Amino acid sequence: MLLQQILNGLVVGSVYGLFALGFTLLFGINHIMNMAHGSVFMWGAFAGLYAVVGFDAPIGVALVIGMIAGGLMSVLLDMVAFRPLRKRGAPEFSAIVSSIGADLILLALAQKLSNTAVMRFPFDAFPVVIYRVAGLRIQLLQLVITGLALLMVGGLVFYLYRTDFGRRIRAVAFSEQTARLLGINPGWVNMQVFFISGALAGMAGVLIGLVFNSVHFTMGEPLLLRAFVIVILGGLGSIPGALIAGLAIGLVQTLSVAYISAGVAEAIVFLALFVVILVKPTGLFGQAGATMRVRRA
Amino acid sequence: MIDFFFSYASLLDLILVNALLAMSQYVVLRAGVFSLGTAGFAALGAYTSAILVTRAGWPPAMAIVVGMLLGTLASTLLAVPLSRLRGVFQAVATLAFVQIVLSVTQNWVALTNGALGINGIPKVVGTGTLLAVVVLVVAFLAAMGRFSVGRALDVIREDETVAVSLGISVPRYHRLAFIVSGALAGLAGALHSCNSYTITPGEYGFQMLVNVLAMVVLGGRTSVWGALVGALILSALPELFRVFADYRNVVQGGLLMLVIVYLPRGVADTLVARLRDRRLQRRTGATA
C-alpha cells in the first residue's frame with residue numbers, strides 16, 4: 001500500500017515537474033513570473049481533449065496537438081502581454097499584473113467554451129494495460145508519463161547546454177543588450193523560450209487530464225500554485241532542481257492525502273514554500289549567482 | 001432619493017469595503033513592496049471578529065478591534081523576513097501566506113465551520129460607519145503621503161539604489177508599509193464580516209487577491225486617490241453592466257492589461273499628474 005502510494009506520488013510528481021520546468025524557464029531564465037502559465041496548461045489539455053473527442057485522434061497525436069496549442073498560446077501571450085512591457089523596460093511587477101489579466105481572459109473563455117462542465121477523455125483513449133510487479137499495480141500510462149518527463153528534462157538540458165540555440169538563450173538570459181551586440185535576435189530567442197515553456201505546459205495538461213481523467217477550466221490554478229513551490233524549492237532556474245522538487249511535492253502530496261487529509265496536504269505544501277523562501281530563498285539547487293536576485297544586501 | 005439610496009446601499013457598502021482593501025494594497029505598492037497578502041490579512045480580520053462575536057459573544061466593536069490587531073500582528077511578524085526579500089519573491093511568499101490562511105479557514109472545521117463559512121453574524125456595521133472609517137483612513141494615508149514618509153516610499157518605489165544613497169533604509173520602510181497594509185486589511189475584513197451577515201473562505205482566495213490588485217493598478221498606486229477610484233470603478237462596473245456578466249472577467253482582464261501597458265500609472269494618477277502639469281504650464285506662461 002505504501003509502495004503503491006509512493007509510485008503514484010512519483011508519477012504525479014513527474015507531471016508537476018514537467019509543468020514547473022516551463023515555468024522555471026521563464027521565471028528563472030527570463031525573469032518573468034507568468035501567472036497565466038496555468039491557463040496555458042489548461043488550454044493544452046482542452047486542445048488534446050477536443051482532438052480526441054472531436055476528431056478521434058489517437059492519443060499520441062492529441063499529445064502533440066496539446067503541446068503545439070500550449071506553445072502557440074504561450075507565444076501569443078508573450079506578444080500581447082509581455083513584449084510591450086519589455087520594450088519599455090517596465091519593472092517585474094508590471095509583467096505579473098499583465099499576465100494576471102491575460103489569465104482572467106483565458107479562464108473566462110475556457111469557461112464559456114466548456115460551459116463550466118468537467119470533461120473526460122473516452123475510456124479507451126489510452127490503452128489500459130496493467131503490469132503487476134512485486135504486488136504493485138503499474139499502469140502503462142504511468143510508465144509512459146515518467147518516461148516522457150525524464151526525456152523532456154534530458155532533452156531540455158541538452159538543448160540549453162549543448163547546442164548553439166541553447167547558448168543563445170542563455171546569452172539573452174544573462175543580458176539582452178550584450179546578446180544583441182553579439183548579433184543575436186532576442187525577439188526570436190524569447191519566442192523560442194515561450195514556445196518551449198508553453199509546449200511543456202500543454203503536454204503536462206494532456207497528461208494530467210489522462211491521469212485524473214478530468215479536464216476542467218479551473219485545473220490550472222492548483223498546478224500554478226504548486227509550480228511556485230516547486231520552482232522556489234528546486235532553486236531559481238535550476239532544471240534538475242525543478243524535476244526533483246516536482247517529484248518531492250508529488251510524493252508529499254500523495255502521501256499526505258492518503259494518510260492525513262487533502263486539506264492538510266495543501267497546508268503542508270505551502271508551509272514548506274513559506275519556510276524555504278524565508279530560510280533559504282535560493283532553494284535547494286539554486287545557483288550561486290541567484291542570491292543577488294533574491295536577497296537584499 | 002431615499003429609495004435610490006436604499007436600493008444601492010449594499011453596493012455602496014461593497015465599494016467602501018473594497019476601498020479599504022484597495023488602500024491596504026496601495027500602501028505596499030506605493031513603497032514598491034510586491035505584497036499580495038491583503039486577502040490573507042482580510043481573512044484573519046474577518047474570521048477573528050466573526051468568531052469572537054458569534055461564539056464568544058464579544059461586543060462587536062471590540063471584536064472588530066481585535067480582528068484588526070490580529071491582522072496587524074500577522075503582518076508585523078511577516079514583515080521582518082519579508083523586507084529582506086526582493087520583488088517577485090515577496091509576491092510568492094505572500095501568495096503562500098494567503099494559501100495557508102485559506103486552507104486553515106477551509107479545513108479547521110471546529111473553529112471556522114469549514115467551507116460553509118460562518119453565518120448569523122449580527123449586522124452592526126452600517127454604511128455610515130464604513131464611510132466614516134474610509135474617510136479617516138484616507139485622511140491618515142493622505143497625510144502620511146505628504147510628509148517625509150511618503151517621499152521616502154516614493155523614492156524606494158522608483159529606484160532603490162537612489163533611496164539607499166539618500167540614506168533611506170529600504171527594509172525599514174518596507175516593513176512599515178507592510179504592517180500598515182496588514183492593519184488596514186484586517187480592519188476591512190473585520191468590518192466586512194460585521195456588515196454582510198456571513199463569511200466564507202472562498203471570498204478571501206485568489207479572486208479577492210486579483211480584484212484588489214486590479215483596483216490599485218487601474219486607479220494608480222502613487223496616491224491614495226488611485227486606490228479609491230479603482231475600487232469605485234471595479235466594484236460598480238459589474239453592477240452597471242449586468243448584461244455582460246459572463247464576460248466580466250474578460251473585461252477585467254483586458255482592462256488590467258491595457259492599463260499596465262498603456263497607462264502604467266493608472267487612471268487617477270495620470271489624470272492628477274496631467275492637471276498638475278497644466279497648472280504649472282499656465283503659471284509659467286503667465287510669468288513669461
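So, the contact between the chains: it takes 38 residues from chain B and 38 residues from chain A, where two residues touch if their C-beta atoms, placed from the backbone, lie within 7 Å. This is a predicted model, so local features need pLDDT of at least 70 and side-chain atom pairs count only at pLDDT 80 or more, while totals for chains, interfaces and linings use all residues. Residues are numbered from 1 along each chain as its sequence is written, and chains are lettered from A and ligands numbered from 1 in the order in which they are written.

On the chain B side, the elements giving two or more residues are α5 (87–107), α10 (170–193), α11 (206–219) and α13 (248–262). Helices here are DSSP runs of H or I, at least four residues, and strands are runs of E, at least two, numbered from the N terminus. α5(B) gives the most, with 15 residues. By class, that side has 26 nonpolar, nine polar and three charged residues. For the classes, Ala, Val, Leu, Ile, Met, Phe, Trp, Tyr, Cys and Pro count as nonpolar, Asp, Glu, Lys and Arg as charged, and the others, Gly among them, as polar.

Now, what does α5(B) meet across the way? One partner is helix α11 of chain A, residues 262–279, and the two axes come within 9 Å and cross at roughly 155 degrees. Axes are lines fitted to C-alpha atoms, for helices over the stretch in contact, with angles from 0 to 180 degrees between N-to-C directions. That makes α11(A) roughly antiparallel to α5(B), the label for angles over 145 degrees. The crossing is left-handed, meaning the near helix is turned anticlockwise from the far one by less than a right angle; clockwise would be right-handed. Among the residues that meet are A:Phe270, A:Phe274 and A:Ile277 from α11(A), and B:Phe89, B:Phe97 and B:Ile100 from α5(B). The residues of this contact divide into 15 nonpolar, five polar and one charged.

Within chain A, have a look at α3 (residues 59–88) and α8 (residues 186–211): their axes come within 6 Å and cross at roughly 140 degrees. They are therefore oblique to each other, the class left over once under 35 is roughly parallel, over 145 roughly antiparallel and 65 to 115 roughly perpendicular. Here the crossing is right-handed.

Two loop residues in chain A next. A:Asp56, in the loop between α2 (37–55) and α3, has a positive phi near 55 degrees. A:Asp56 is exposed, with 10 other C-beta atoms within 10 Å; the cut-offs are 12 or fewer for exposed, 20 or more for buried, and partly exposed in between, with C-beta atoms placed from the backbone. A:Asn213, in the loop between α8 and α9 (220–234), has phi near 45 degrees, positive as well. A:Asn213 has 15 C-beta neighbours inside 10 Å and counts as partly exposed. Most residues other than glycine have a negative phi.

Last, chain B overall. How many helices does chain B have? There are 14, and zero strands. Of its 288 residues, 54% count as buried. The C-alpha trace spans about 70 × 50 × 35 Å along its principal axes.
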